[in-house]
Amino acid sequence: MMDAVPNFTPRAQEAIKKSREMAIRYKVKVVRLEHLLLGLLVQGRGLLREAFHMSGYDLDTFRIFVETSLKKGRAKKDSPQFAAEVKTILELAHRCASDLQQPYVGTEHILLSILKFNCLSVQELFKGAAVDTKALVRALRSQLLSTSKSTSSDLSSLGAPSLES
């Protein structure tokens with residue numbers, strides 16, 4: 001459980017909000033990691049775009065692949081609940097930011113946590129789009145290190161998620 005209320009950046013807050021909107025759009029009762037991933041991707045700007053670019057992939061192409069890969073449900077309810085795995089990811093993202101001595105939780109922390117969580121359905125999306133998750137983790141790690149007060153040697157002791165590829 002989180003020790004303190006995380007300070008999510010406006011883009012991270014928007015991604016969480018968009019993930020719920022995606023679940024409603026896809027008519028499902030539960031916001032899953034796939035929806036959180038899509039919530040990150042639909043913003044299409046900032047460090048995530050740069051990380052995709054650094055690892056040789058186009059964020060928009062991957063977003064379209066994810067959008068077309070998600071199955072539509074039949075839920076009529078417009079207030080989907082967040083799955084436990086989404087809450088876990090947000091906790092891991094908070095821990096990642098804290099371990100890096102960063103006062104905020106950004107979209108890069110959330111994506112890194114999703115990548116390191118090893119959710120089969122999310123792994124299949126990256127694999128289906130031929131995105132090398134290790135390269136993406138390295139790009140995110142590079143970005144996080146450049147903005148962190150921690151040193152590279154400090155990262156070996158990080159609890160979760162591991163930033164090593």
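The count of aromatic pairs comes to two; rings of Phe, Tyr and Trp (its six-membered ring) pair if their centres lie within 6.5 Å. Phe 52, Phe 62 and Phe 126 form one aromatic cluster.

This is a predicted model, where local features need pLDDT of at least 70, side-chain atom pairs count only at pLDDT 80 or more, and totals for chains, interfaces and linings use all residues. Residues are numbered from 1 along each chain as its sequence is written, and side-chain values use heavy atoms, without hydrogens and water.

Helix H1 covers residues 10-25. Helices (H or I, at least four residues) and strands (E, at least two) are DSSP runs, numbered from the N terminus. H1 reaches 22 Å from its first C-alpha to its last, close to the 22 Å expected at 1.5 Å a residue; that expected span is 1.5 Å times one less than the number of residues.

Ala 12, Ala 15, Ile 16, Ser 19, Met 22 and Ala 23 of H1 are buried (under 20% relative accessible area, 1.4 Å probe, protein chains only). They cover an arc of only 115 degrees around the axis, so they sit on the same side of H1. The arc is taken from the directions from the helix axis to the C-beta atoms. These buried residues pack against the following elements, with contact meaning heavy atoms within 4.5 Å.

| Element | Residues |
|---|---|
| Strand E1 | 30-31 |
| Helix H2 | 33-41 |
| Strand E2 | 81-82 |
| Helix H5 | 84-99 |
| Helix H6 | 107-117 |

Just after H1, Lys 27 takes a positive phi of about 55 degrees.

Glu 67 lies in helix H4 (residues 59-69). Glu 67 is buried, at 18% relative accessible area. Glu 67 touches Arg 25, Tyr 26, Leu 38 and Val 42, not counting residues up to four places away in sequence.

Notes: Rings of Phe, Tyr and Trp (its six-membered ring) pair if their centres lie within 6.5 Å; planes under 30 degrees apart count as stacked, over 60 as edge-to-face and the rest as tilted. Buried means under 20% relative accessible area, exposed over 50%, partly exposed in between (1.4 Å probe, protein chains only).
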